[in-house]
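Reader: Hey, I'm new to this one. Can you walk me through it?

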Amino acid sequence: MNNSDKKYYTAEELQNAIGSFVRSGDRIGIKNTKEKGFLKYRELIFNNIAGAMNIAFPISKSIIPDDLWEEMLQSFFTNHKAKTNFVWELPKEFVEYCKSEDYAKNLKLPFLNDLLNFEWMEMEIFNMKDIEHPAFVGSGNIETDILVVNPEHSLQVYDYPVHKIDIERPKIEKVKSFIVSYRHSETKDAEFVSLSFLDALLFEKITVDELAIKDALHIIEEEIQQEIPEELKQKSTQFFTKLLENNLFLGFKS
Amino acid sequence: MANKVEIGLGFRKEIADEFFHNENIRPDFVELAPENWVDMGGYWKQVLNQLADKYQITAHGLSLSVGSYEDLDIEFVKKVKLFMDEFNIQIYSEHLSFAKTQNAHLYDLLPIPFKQESIDHVADRIKQVQDIIQRQLVIENVSYYTSLEPEMSEAEFVTEIVEKAGCKLLLDVNNVYVNSFNHNYDAYGFIDKMPMESVSYIHMAGHKKVSDDLIIDTHGESIIDEVYKLFDYTTSKLSGVPVLLERDFNFDDISDLQIEMESLKKICKKNWL
């Protein structure tokens, strides 16, 4: 640093200058300081943030060319004011940042927002605070008794079936997709399941309106003013039986 | 933990199993960062419960940012307090640094300018924290790679803050060594200037020399002999404070950590018992 370097008068000014430098890389002049030291902070902080994103988004990272992924991370690092105290939650802010920057359009990856969110949901579900399980009984009639959902779940609606993405050929057609991510109450693993449109409607009737499958199907028929074929009803009932076995549902309302 | 020789080990998720199943890893207590555990559920909450059953835990924060000019994150401090109560944590230590500017978290520990105005500002914030957590905060001397228009020495800065805030001092001996090398001062002289009556906790770790004039406080290498010597000197001036071995990565040979803990214990026993 030379004699023309700016003199910062207050500690707050100095700290803001350092913060700006480590995030933007724009050179600042502060008297009696080691430039190498500033650069080291910038490197350490960027690596920390990039590491957290690389862990959270392995599929997105593998699809996006390395130089573009690096650019996205640099842009996030420079322009985004990170809000959370918890580094593990920062990827959520990255998802929002990518949406606001419209990377999906710019990188010609229209499914990107959905994919980033899908990857984030796995991490969020795995780590999120415990939610107390409601009372339930283990046995019941799958059609006529009310299923009790595992409260540690999240239903997401995507424009693209990103859960099926092939990283070697990441082009996928636009198809509305309904994904429930949930934390298995025994293994504590984050799981996900894809629902058909009818099953997503059923899921909402069962979990929000607390209806039994048979009643929920009847209500849906009234709402769509159309009879649901018996074969489809049977298929859905079998599917929800499987969801019960797989712990998305805990049991039946007592 | 006073009047005893207790050597702890930083608890890291990468080596979590070792703390439960490896008989060669036997820390007297463990330390964790609240930021990695507060509000966490599921698998890691189960692990945390098991950890609290087996070990005494200390909390070593990363994001309190006592040097920042944004309002103190009161909600976060309250969460830490609840976390400490839930897991019977007695010690909450934090860094004498800032980790947030212009409302942006930086997720690293940057040096506060050694200025009188910083002392006043930081001491007030520490007092605010102490009011919420209802105990003394233990503040750590940090490693730093550049100073910022200093008006005083680091030793004067640290000492005045501890005195003015009425907090305790976490003396990181490796940081003293790293800073003495990077900023060309006498590490032993620095230790002599520390308010030893306020030291309630010690950190030890490895570092990496990356160039002829720069050492990085990596927490990824073994402790070098010079730092052991400085630790010996430091502990000769103290008695019965807990000592924590920090290791953040390079876990290839986990038994090395037990060897390091035993080396630290041997020095403490020599000086304290």
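Reader: How many bridges join β3 to β4 in chain A?
Author: There are 6 bridges between strand β3 (residues 177–183) of chain A and β4(A), and the two run antiparallel. Strands here are DSSP runs of E with at least two residues, helices are runs of H or I with at least four, and both are numbered from the N terminus. Two strands pair if DSSP finds at least two bridges between them. This is a predicted model, where local features need pLDDT of at least 70 and side-chain atom pairs count only at pLDDT 80 or more, while totals for chains, interfaces and linings use all residues. Residues are numbered from 1 along each chain as its sequence is written, with chains lettered from A and ligands numbered from 1 in the order in which they are written.

Reader: Ok, and what's the bridge partner of A:Arg183 in β4(A)?
Author: A:Arg183 is partnered with A:Ala190.

Reader: Which strands form the open sheet in chain A?
Author: It's 3 strands in the order β2-β3-β4, with antiparallel pairing. The edges are β2 (153–158) and β4 (190–195) of chain A, each pairing on one side only. On average, neighbouring strands of this sheet are turned by 20° against each other, direction ignored. Angles run from 0 to 180 degrees between N-to-C directions, and axes are lines fitted to C-alpha atoms, for helices over the stretch in contact.

Reader: Switching to helices: at what angle do α8 and α10 of chain A pack?
Author: About 60°, with the axes of α8 (residues 197–207) and α10 (residues 230–245) of chain A 11 Å apart. That angle makes α8(A) oblique to α10(A). Under 35 degrees counts as roughly parallel, over 145 as roughly antiparallel, 65 to 115 as roughly perpendicular, and the rest as oblique.

Reader: Which residues make that contact between α8(A) and α10(A)?
Author: From α8(A), A:Leu198, A:Asp199 and A:Leu202; from α10(A), A:Leu232, A:Ser236 and A:Phe239. Being in contact takes C-beta atoms, placed from the backbone, that lie within 7 Å. By class, the contact has 4 nonpolar, 1 polar and 1 charged residues. Ala, Val, Leu, Ile, Met, Phe, Trp, Tyr, Cys and Pro count as nonpolar, Asp, Glu, Lys and Arg as charged, and the others, Gly among them, as polar.

Reader: How is chain A divided into domains?
Author: Into domain 1 (1–109) and domain 2 (131–254), with bounds from an automatic or database domain assignment. Taken over C-alpha atoms, the centres of these domains of chain A are separated by 40 Å.

Reader: And how many residues of chain A are in contact with chain B?
Author: 38 residues of chain A, against 37 residues of chain B. On the chain A side, the elements giving two or more residues are α1 (11–24), α2 (35–56) and α7 (112–127). That side has 16 nonpolar, 11 polar and 11 charged residues.

Reader: What about chain B, how many strands are in the barrel?
Author: The closed barrel has 8 strands, running β1-β2-β3-β4-β7-β8-β9-β12, with parallel pairing. Neighbouring strands there are turned by 30° against each other on average, direction ignored. Strand β1 (residues 7–10) of chain B is joined to strand β12 (residues 243–246) of chain B by 3 bridges, and the two run parallel. In β12(B), B:Val243 is the bridge partner of B:Ile7.

Reader: Which strands does helix α9 of chain B touch?
Author: Helix α9 (residues 255–272) of chain B packs on the sheet and touches β1, β9 (199–205) and β12 of chain B. The direction of α9 makes about 155° with that of β12(B).

Reader: Last one: how many residues are in the hairpin joining β10(B) to β11(B)?
Author: The hairpin goes through 2 residues. Strands β10 (residues 208–211) and β11 (residues 214–216) of chain B pair in the antiparallel sense over 3 bridges, and B:Ser211 has B:Leu214 as its bridge partner.

Terms used. Two residues are in contact if their C-beta atoms, placed from the backbone, lie within 7 Å.
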